[in-house]
Amino acid sequence: MTPKISFQNVSKVFDLGATRFTALESLSLDIEDGEFITVVGPSGCGKSTAMNIAGGLTGPTSGKVTVDGVEVRGPSPERGVIFQQYALFPWLTVRENVEFGLKIAGHPKTERRRISDHFIELVGLTHFAESLPKTLSGGMKQRCAIARAYAVNPKILLMDEPFGALDALTRVQLQDQLLAMWSKERRTVVFITHDVDEAVFLASRVIVMAARPGRLHKIIPVELPYPRTEEMRLSPEFAALRNEVWRSVYHPASQ
Ligand SMILES: Nc1ncnc2c1ncn2[C@@H]1O[C@H](COP(=O)(O)OP(=O)(O)OP(=O)(O)O)[C@@H](O)[C@H]1O
């Protein structure tokens with residue numbers, strides 16, 4: 001079967017005038033439809049670069065990324081991107097933010113309302129639908145960003161450290177919520193994180209990258225069943241996986 005996303009020998013070299021810097025070297029990776037993968041690795045190992053290439057925000061120097069077998073050549077509404085900065089429009093309410101992409105796509109008002117109601121409820125912001133972003137906490141803003149990304153019905157969600165700015169408790173709550181949403185509205189998710197626990201809890205496979213040059217180091221399958229639960233976080237299996245990911249990131253030579 002054709003993978004949903006396929007990185008085929010993808011390299012990215014930045015021309016810095018006197019020198020050239022290889023941010024990503026020969027990344028090859030297939031991601032199946034509906035899979036939830038997380039990407040971890042030391043700072044500067046090319047995680048965001050790889051995601052930006054998949055999102056069509058920048059092109060590779062060589063190799064290619066395909067989605068459903070078709071080469072990515074630019075951004076597409078099929079691929080929703082969520083960054084650490086919430087990137088909400090501050091002058092629009094939660095509902096208007098969630099409906100923004102639908103409006104651009106020409107959906108009629110009643111349809112926009114139906115879709116925004118659904119996703120605002122899924123992320124637990126129904127009581128804040130008419131609020132402006134400045135009145136929301138960081139976690140609520142990020143929930144709004146997730147609802148907005150889902151609303152335009154992308155087949156793929158590319159998430160670059162979306163919970164990086166949040167406190168630990170909010171983070172855990174959003175992880176649960178994101179997985180609940182993913183099980184209802186199955187999309188292919190690629191999620192970058194620096195948090196090893198988060199990487200293991202969310203993913204069916206953890207992609208570990210290494211730096212200088214940025215490259216794929218190891219793929220660690222997470223054979224814990226979904227739905228993932230609080231008990232699983234405390235299980236010996238989870239601890240063993242966390243240790244394996246940790247060692248692969250911080251002591252790659254030994255792994
Ligand atoms: N536009 C650019 N010009 C030159 N170098 C760049 C550019 N963008 C990224 N780089 C370099 O490429 C390398 C990979 O960057 P990237 O942001 O992909 O890493 P990352 O793994 O996402 O890092 P972090 O975890 O710190 O966000 C870094 O060394 C970075 O300095």
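Helix α1 (47-54) gives the most to the shell around the ligand, with three residues. Helices here are DSSP runs of H or I with at least four residues, strands are DSSP runs of E with at least two, and both are numbered from the N terminus. This is a predicted model, in which local features need pLDDT of at least 70 and side-chain atom pairs count only at pLDDT 80 or more, while totals for chains, interfaces and linings use all residues. Residues are numbered from 1 along each chain as its sequence is written.

**Around the ligand**

The residues around the ligand are Phe14, Phe21, Ala23, Gly41, Ser43, Gly44, Cys45, Gly46, Lys47, Ser48, Thr49 and Gly214, where a residue is near a molecule if its C-beta atom, placed from the backbone, lies within 6 Å of it. Two or more residues of this shell come from each of β2 (20-31) and α1. Sorted by class, the shell holds four nonpolar, seven polar and one charged residues. In this sorting Ala, Val, Leu, Ile, Met, Phe, Trp, Tyr, Cys and Pro count as nonpolar, Asp, Glu, Lys and Arg as charged, and the others, Gly among them, as polar.

In the loop between α1 and β4 (62-67) lies Gly55, which is buried, with 21 other C-beta atoms within 10 Å. A residue is called buried if 20 or more other C-beta atoms lie within 10 Å of its own, exposed if 12 or fewer, and partly exposed in between, with C-beta atoms placed from the backbone. Which residues is Gly55 in contact with, leaving aside its neighbours within four places in sequence? They are Pro75, Arg79, Val81 and Leu158, where contact asks that the C-beta atoms of two residues, placed from the backbone, lie within 7 Å. Gln173, by contrast, is 118 residues from Gly55 in sequence and 27 Å from Gly55 in space, taken from C-alpha to C-alpha.

Strand β6 runs parallel to strand β7 (residues 156-160), and four bridges join the two; strands are said to pair if DSSP finds at least two bridges between them.

| Residue or bond | Feature | Angle |
|---|---|---|
| Arg212 to Pro213 | cis peptide bond | omega about -5° |
| Tyr226 to Pro227 | cis peptide bond | omega near -5° |
| Asn153 | positive phi, not a glycine | near 60° |

Arg212 is partly exposed, with 13 other C-beta atoms within 10 Å. Pro227 lies in the loop between β10 and α7 (230-233). Asn153 sits in the loop between α4 (138-151) and β7, and is partly exposed, with 15 other C-beta atoms within 10 Å.

**The two domains**

The protein is divided into domain 1 (1-78 + 156-255) and domain 2 (82-153), with bounds that come from an automatic or database domain assignment. Their centres, taken over C-alpha atoms, are separated by 25 Å. Across the boundary, 17 residues of domain 1 are in contact with 16 residues of domain 2. On the side of domain 1 that touches domain 2, β7 and α5 (168-184) each supply at least two residues, and α5 gives the most, with six. By class, this side has 10 nonpolar, four polar and three charged residues.

**The protein as a whole**

The protein has eight helices and 10 strands, and its C-alpha atoms fill a box of roughly 55 × 45 × 40 Å along the principal axes. With 255 residues, a compact globule would have a radius of gyration near 18 Å, and the protein agrees with this at 18 Å; the radius is taken over C-alpha atoms, and the globule rule is 2.2 Å times the number of residues to the power 0.38. Of the 255 residues, 42% count as buried. Among contacts between residues at least 6 apart in sequence, 70% join residues at least 24 apart.
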